[in-house]
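Subject: Two-chain model for your review

Dear colleague,

Please find below the structure that I would like to hand over to you. My notes on what was found in it follow directly after.

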Amino acid sequence: MKKDLLLINLVVPILAILAALVLGAILLLFINVNPLEAYSVLLFGNLTSLYGISEILVKAVPIIMTGLAFTFAYRTGLFNIGAEGQMYVGAIAAVVVGLKLGHLSPFLAIPLSLLAALIAGGIWGGIPGLLKAVFGSSEIIITIMLNYVAVYLLSYLVDKPLREKSGFYPQTDMIGENAFLPVLIPNTRLHLGFLIALLFVVLVYIILWRTKLGFELRAVGLNLHAAEYAGIDVRTKMFLALALSGALAGVAGFTEVGGIHHRLLDNFSKGVGFDGIAVALLGQATPFGVVLASLLFGLLQVGANSMQRSVGVPANIVYIIQGLIILFLLGGTILARRYQKKKAKGVA
Amino acid sequence: MQPILKMINITKTFPGVVANRNVNLEVYHGEIHALLGENGAGKSTLMNVLYGLYQADSGEIYFEGKRVNFESAKDAIRAGIGMIHQHFMLIPVHTVLDNIIMGLPGDRGIFYDRALHRERVLEIAHRYGLEIDPDAYVQDLSVGAQQRVEIVKALYRKAKLLIMDEPTAVLTPQEVKELFSTLKKLSQEGMSIILITHKLNEVLEVADRVTVLRDGQVIKTLNTKDADEKLLAQLMVGREVNFVPAKSPCQPGPVVLEIKDLVVKNQRGITALNGLSLTVRGGEILGIAGVDGNGQTELAEAIAGLIKPVAGTILLNGEPIVGKKPRVITEKGLGHIPEDRHKRGLVLDFTLSENIILQSYYCEPWCGKFGFLNLNSIKSMAQELLEKYKVKAPHSEVAARTLSGGNQQKVVVAREISRRPKLLLAVQPTRGVDVGAIEYIHEQIIKERERGAAVLLISTELSEILALSDRIAVIYKGQIMGEMTNDNPDINEIGLMMAGIRKKKEAS
């Protein structure tokens with residue numbers, strides 16, 4: 001059994017990454033690029049400098065949070081596809097607090113904007129949770145649709161009510177400096193958000209595997225009927241799981257606003273919410289797996305820019321590789337499961 | 001006489017498991033040959049090898065004297081082997097005739113000559129005394145009739161050897177009798193039949209010879225006239241088995257469970273319980289006999305608070321529990337061994353520890369203040385319980401999925417009994433469980449009665465009801481057809497009631 005777990009949790013993801021890279025290499029050959037040259041920049045180019053490494057971590061921070069968000073709901077048997085939108089409303093809330101209270105001491109301003117992001121994300125995740133609990137609506141559809149609502153809500157806010165005073169760009173003013181997340185290493189962009197994300201990793205692990213609530217959520221996720229039999233209120237737990245999942249995604253908005261942009265920009269995320277789904281799957285829906293997978297995605301995304309600069313390969317090739325990783329991962333998981341089932345069969 | 005089927009030295013391994021080891025099996029023309037063994041003994045694997053669903057690692061199969069190597073079930077069917085699975089492979093919304101001819105080559109291109117087929121099907125049915133209506137829809141047929149359709153289907157494909165996988169699991173005693181007389185008639189006409197079963201009485205009743213499998217090996221092949229239940233059980237389990245657990249005389253205490261005029265609709269909105277009433281006292285076992293699907297599931301779920309009745313009352317120790325949440329009812333003293341351990345009883349991907357605390361994870365000492373689980377004390381308690389209830393598992397931290405059915409069920413039983421319930425609701429407590437575990441679980445249920453708990457036993461295995469109950473009630477279409485004490489009960493009468501026929505006029 002231990003060996004079986006190893007197969008799915010470790011061997012399959014690693015093989016999926018390798019297979020995606022091989023297929024990516026073939027694509028590179030088609031556009032007359034030497035894959036070895038491109039990959040050496042993509043994979044190792046940023047590991048040689050402190051700045052490069054710090055950029056990888058910076059990219060990984062919001063992906064860790066959205067990955068945790070997906071993981072949390074997934075463990076309860078729910079698919080939260082709405083991390084993108086939840087991150088947006090988290091960012092909106094963090095910016096509003098940063099604009100209004102950014103003059104307070106950082107010890108107040110930062111926790112307050114974190115709290116605001118948690119609450120906003122929690123509401124955005126709680127809506128599909130409530131609909132699921134009361135009407136049994138599909139959380140998948142509702143979370144997807146709420147993404148659009150959040151994206152355009154943000155567009156509207158930066159266009160009209162929260163537009164910067166100079167009125168030039170569709171963006172808000174800078175938040176108060178006391179609400180900036182402090183930089184951890186001088187001359188890099190690595191900010192406190194990284195540590196906050198790691199804190200949430202540990203927190204999610206503890207909640208899911210060390211507490212009563214986590215026991216209930218995992219029971220609902222693995223066997224709804226048995227959970228019901230055990231007297232667990234399945235509907236309440238589903239609502240709670242989606243609300244907390246949304247809150248986690250909201251934190252991604254907080255780290256991006258407080259640590260990087262320091263203001264609200266239209267379309268500031270390039271699909272970080274969806275990267276979260278990918279890293280959660282790649283990390284086998286475990287908090288520590290999410291960290292590793294997020295670091296990989298951070299490395300690929302930062303490396304993509306370097307690759308574009310030095311080898312002239314379009315950075316978008318990385319999104320193809322990311323997609324391939326997930327495809328190979330899902331396929332590989334199915335094959336591994338089938339292999340195990342075959343092995344287990346016949347005992348009957 | 002030349003045997004119709006000869007399997008020589010069949011070995012089939014799955015990674016880590018030898019399912020069949022050098023198995024030899026000979027079946028003669030016109031013989032009913034029972035394949036007896038516990039779950040996991042390798043009966044199904046052997047038959048799947050024969051039927052072409054699995055390929056053997058080594059060994060030879062001769063059918064009608066010719067060496068055969070079936071690549072798929074299609075080949076086996078073409079050669080003249082028919083298999084009737086435990087779960088029928090019929091399409092409910094099609095007619096009997098459609099089900100029988102489905103998959104045959106067309107008569108005119110892709111079209112069937114229905115009239116011709118109809119005639120031929122009826123002819124076969126008449127010849128073997130299998131009463132079927134070719135124009136009825138399968139969904140309207142009783143389970144016994146569906147089984148007859150399966151048999152005709154196999155005969156229509158010119159089967160010479162019929163494999164029947166646990167055919168009696170879903171039948172009433174009368175239907176079983178009917179089936180057995182059909183099988184005997186078929187064998188007299190020269191049909192060879194392999195009967196897969198784990199029920200000893202069936203082997204003795206209907207089979208000519210029996211091959212006993214244990215741990216993937218043939219223990220012995222013998223004539224049934226040289227065998228009795230005790231011998232067969234011993235061969236099957238490898239040690240002596242107590243069939244009827246020892247039980248002290250019943251000393252009923254106060255009423256623990258009282259159900260009055262209970263009406264329950266199932267999920268599809270169909271009335272599943274229709275004014276059912278019963279009472280169970282402390283220190284007694286009330287057995288509910290009945291054919292599967294007559295409201296047993298709904299009765300159990302209503303008591304456990306998992307579905308809300310439409311009308312009626314349920315009193316547990318005098319307190320009404322209709323409309324109460326499952327946890328409240330559990331805390332009032334219900335222990336519930338659910339019908340389906342995979343669906344309700346266990347979270348298969350949870351560890352044994354987690355499954356053991358499933359009903360009490362939120363209480364001290366498993367859960368401390370602030371909602372943190374006390375993993376160490378949970379683990380040591382679980383380990384203790386596994387040892388006490390003789391669950392075969394490497395340790396308490398393996399997933400429940402990895403255990404055999406019998407050991408999984410023991411985990412459920414251990415969890416429910418260790419909470420010392422006032423009412424033990426045991427639904428199909430030994431379904432799909434090996435003989436050794438059955439014996440053990442039965443002992444535990446009787447121990448609960450001896451302790452003074454009220455036990456409501458719901459089972460479709462009449463032998464189980466007869467072995468354990470103090471009183472027997474028969475459920476049919478959501479009502480109690482009749483009730484009797486388990487003191488030389490008239491089995492024929494129980495059987496009739498299970499089929500919905502009230503023999504005597506009674507003033508219930």
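The domain bounds used in this message come from an automatic or database domain assignment. Please also keep in mind that this is a predicted model.

**Domains of chain B**

In chain B, the assignment gives domain 1 (5-237) and domain 2 (255-350 + 402-498). Their C-alpha centres lie 33 Å apart. Contact between the two involves 10 residues of domain 1 of chain B and 12 residues of domain 2 of chain B. On the side of domain 1 of chain B that touches domain 2 of chain B, α6 (173-188) and α8 (229-237) each supply at least two residues. The most comes from α8(B), with three residues. By class, this side of domain 1 of chain B has five nonpolar, four polar and one charged residues.

The UniProt record, an unreviewed entry, places the feature "domain: ABC transporter" at residues 5-240 and 257-502 of chain B. Over residues 257-502 of chain B, the chain is 34% helix and 24% strand. The end C-alpha atoms of that stretch are 26 Å apart.

**The two chains as a whole**

Chain A has 13 helices and zero strands, whereas chain B has 17 helices and 20 strands.

The C-alpha atoms of chain A fill a box of roughly 75 × 60 × 30 Å along the principal axes. For its 348 residues, a compact globule would have a radius of gyration near 20 Å, and the 21 Å of chain A agrees with this. Buried residues account for 51% of the 348 residues in chain A. Of the contacts in chain A with a separation of 6 or more, 77% are between residues 24 or more positions apart.

For chain B, the corresponding box is roughly 70 × 55 × 45 Å, again taken along the principal axes. A compact globule of 508 residues would have a radius of gyration near 23 Å, and chain B, with 25 Å, agrees. In chain B, 46% of the 508 residues count as buried. Residues 24 or more positions apart make up 68% of the chain B contacts with a separation of 6 or more.

**Where the chains meet**

The interface brings 35 residues of chain B into contact with 20 residues of chain A. On the side of chain B that touches chain A, at least two residues each are supplied by β1 (5-14), β2 (17-27), α1 (43-50), α10 (326-331) and α11 (341-345) of chain B. By class, this side of chain B has 20 nonpolar, nine polar and six charged residues.

After α1(B) comes B:Gly52, whose phi is positive, near 85 degrees.

Helix α9 (residues 296-303) of chain B likewise has eight of its eight residues buried, so it is largely enclosed by the rest of the structure. The buried residues of α9(B) are B:Gln296, B:Thr297, B:Glu298, B:Leu299, B:Ala300, B:Glu301, B:Ala302 and B:Ile303.

**The largest nonpolar core**

The largest nonpolar core holds 258 residues, of which B:Leu425, B:Leu456 and B:Leu457 touch the most other members. Helix α10 (residues 234-261) of chain A gives the most to this core, with 14 residues. The core also draws at least three residues from each of domain 1 (5-237) and domain 2 (255-350 + 402-498) of chain B.

Which residues does B:Leu456 touch, not counting those up to four places away in sequence? They are B:Leu257, B:Val280, B:Leu286, B:Ile288, B:Leu423 and B:Leu425.

With kind regards

Notes
Residues are numbered from 1 along each chain as its sequence is written. Chains are lettered from A and ligands numbered from 1 in the order in which they are written. This is a predicted model: local features need pLDDT of at least 70, side-chain atom pairs count only at pLDDT 80 or more; totals for chains, interfaces and linings use all residues. Two residues are in contact if their C-beta atoms, placed from the backbone, lie within 7 Å. Helices (H or I, at least four residues) and strands (E, at least two) are DSSP runs, numbered from the N terminus. Ala, Val, Leu, Ile, Met, Phe, Trp, Tyr, Cys and Pro count as nonpolar, Asp, Glu, Lys and Arg as charged, and the others, Gly among them, as polar. The radius of gyration is taken over C-alpha atoms; the globule rule is 2.2 Å times the number of residues to the power 0.38. A residue is buried if 20 or more other C-beta atoms lie within 10 Å of its own, exposed if 12 or fewer, and partly exposed in between; C-beta atoms are placed from the backbone. A nonpolar core is a set of buried Ala, Val, Leu, Ile, Met, Phe, Trp, Tyr and Cys residues joined through C-beta atoms within 7 Å. UniProt positions are given in the numbering used here, feature names are shortened, and annotations may be inferred rather than shown by experiment.
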